[in-house]
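Hi,

Here is the structure I promised to pass on. Please open it first, then read my notes below.

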Amino acid sequence: MLATGLGASEALAASFPTLLVLRLLHGGTLAGALLALYLARLELCDPPHRLAFSMGAGLFSVAGTLLLPGLAALVQDWRLLQGLGALMSGLLLLFWGFPALFPESPCWLLATDQVARARKILWHFAEASGVDPEDRSLEESSLVTELAMLSAGSPQPHYQSPLGLLRTQVTWRNGLILGFSSLVGEGIRASFRRSLAPQVPTFYLPYFLEAGLEVAALVFLLLTADRCGRRPVLLLGTMATGLASLLLLAGAQYLPGWTMLSLSVLGLLASRAVSALSSLFAAEVFPTVIRGAGLGLVLGAGFLGQAADPLDALHGRRGFFLQHVVFASLAVLALLCVLLLPESRGRGLPQSLQDADRLRRSPLLRAAPARTTCPCCRPPTPAGPATPPSSASPAWWPWEPEWDRGQGLEHD
């Protein structure tokens with residue numbers, strides 16, 4: 001609602017200072033809306049489909065990027081273009097009155113002890129899937145019983161402050177590494193763009209080239225991040241980014257034009273993949289109770305890295321070499337930090353700070369854990385002696401630390 005109102009106000013702004021203030025506020029509200037949509041997609045998906053839905057949403061974003069120049073050329077007036085943008089965001093308000101089309105995340109409701117609201121949404125999911133909630137089979141009756149036990153006594157909603165991250169042992173470190181990786185992935189693009197500019201002099205070609213490279217990066221993640229794992233692919237992307245940056249830095253005066261072009265394209269492609277995967281990785285390792293705040297910090301670090309591009313343009317070419325050296329060094333440092341991350345592929349989302357702290361680093365080439373099939377159901381029981389579920393969470397809780405320990409996925 002705020003983004004729609006502010007976007008329409010921008011089209012009516014009478015002075016530049018007013019337009020600047022409205023633009024800043026509009027950007028902040030759009031960031032909040034996009035963050036909420038990202039979290040809703042993630043928490044409504046089961047582990048095997050989280051990557052596909054996240055990358056698919058990224059492809060829709062690129063489609064908007066590709067359509068924007070054509071729309072601007074058709075409209076020929078920035079005020080009318082701004083008004084059309086506000087109208088398009090206003091169409092999302094149609095979902096406000098239809099909770100079935102855009103429901104609240106049951107994972108977040110359960111993690112914050114809002115059991116009554118979670119019960120209604122789960123019942124709607126069951127009915128929409130053709131399952132009778134009143135059918136007293138084993139699984140349904142277990143769900144009914146445990147929801148009734150959780151709602152006994154009408155518990156009050158319990159929220160966590162983002163400052164709780166400071167009391168964790170591992171989660172804050174994972175968030176810091178992913179924020180650093182996002183900052184490097186976004187900030188180093190200015191170096192690749194500057195190296196690309198002499199090779200691609202036309203105005204529109206770099207714009208469409210970067211959009212095409214983002215599509216290629218998303219498709220690459222879609223094909224590899226579930227097959228190989230989040231951490232190895234992030235490690236590969238960071239390595240390619242740092243290597244391309246170092247080669248450009250060392251051979252700027254000696255390499256032929258086609259080599260400079262190839263290295264710049266490779267660097268842009270790898271940095272796009274690093275940024276997109278860092279966001280998904282962060283959403284999977286932060287707990288549900290503060291996932292929005294944690295992911296917001298990681299995305300904020302990425303936006304901070306984007307400031308390197310206008311800063312470079314502001315100072316001309318005088319600071320370009322130093323900026324290139326700094327980000328190339330940071331890329332090498334990020335490569336070492338990624339090795340400390342856990343693997344989140346195929347695992348349920350952690351719910352509490354304690355659950356997220358149990359996500360510890362595992363060997364890089366270890367086999368992936370067995371997939372869970374539903375974000376609000378207990379994962380399949382592994383072979384061997386059964387491990388009793390945690391007393392702190394019901395049996396169908398989306399993240400089972402004891403089960404993961406039984407699989408040998410937790411390492412110091």
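**Salt bridges and the rest**

Glu284 counts as buried because its relative accessibility is 2%. Buried means under 20% relative accessible area, exposed means over 50%, and partly exposed is in between (1.4 Å probe, protein chains only). Before going on, note that this is a predicted model: local features need pLDDT of at least 70, side-chain atom pairs count only at pLDDT 80 or more, and totals for chains, interfaces and linings use all residues. Residues are numbered from 1 along each chain as its sequence is written, and side-chain values use heavy atoms, with hydrogens and water left out.

What does Glu284 meet in a salt bridge? Its partner is Arg50, with N to O at 2.9 Å. A salt bridge is a side-chain nitrogen of Lys or Arg within 4 Å of a carboxyl oxygen of Asp or Glu. Arg50 lies in helix α3 and Glu284 in helix α12 (residues 257–285), so the pair ties together parts that are 234 residues apart in sequence. Helices here are DSSP runs (H or I, at least four residues; strands are E, at least two), numbered from the N terminus. Arg50 is also buried, because its relative accessibility is 2%.

The whole structure has 10 salt bridges. Another one joins Arg193 and Glu210 at 2.7 Å, N to O. Arg193 lies in helix α9 (residues 189–196) and Glu210 in helix α10, so this pair ties together parts that are 17 residues apart in sequence. Arg193 is partly exposed, at 24% relative accessible area. Glu210 is buried, at 12%.

Glu210 also forms a salt bridge with Arg272, where the closest N and O atoms are 2.9 Å apart. Arg272 lies in helix α12 and Glu210 in helix α10, so this pair ties together parts that are 62 residues apart in sequence. Arg272 is buried, and so is Glu210. Elsewhere, shared partners join Arg50, Asp226, Arg230 and Glu284 into one network of salt bridges.

**The surface**

Look for a nonpolar patch made of Leu66, Leu68, Phe203, Tyr204, Tyr207 and Phe208. Together they have about 610 Å² of accessible area. Patches take residues with over 30% relative accessible area and no salt bridge; like charges are joined within 9 Å, and nonpolar side chains (Val, Leu, Ile, Met, Phe, Trp, Tyr) within 5 Å. Areas come from the Shrake-Rupley method with a 1.4 Å probe; for residues, only the protein chains shown count as cover. Which helix gives the largest share of the patch? Helix α10 does, with 3 residues. Leu68 sits in helix α3 and is partly exposed, at 42% relative accessibility.

**The whole chain**

The protein chain has 17 helices and 0 strands. Of its 412 residues, 43% are buried.

How confident is the predictor? The mean pLDDT (confidence in each residue, from 0 to 100) is 80, and 78% of residues reach 70 or more. Confidence is highest in helix α8 (residues 171–187), at a mean of 93, and lowest in helix α17 (residues 401–406), at 39. Over residues 377–412 the pLDDT is below 50.

**One more residue**

Asp357 is in helix α16 (residues 353–357). It is buried, at 13% relative accessibility. Beyond neighbours within four places in sequence, Asp357 is in contact (heavy atoms within 4.5 Å) with Thr168, Gln169, Val170 and Thr171.

Best wishes
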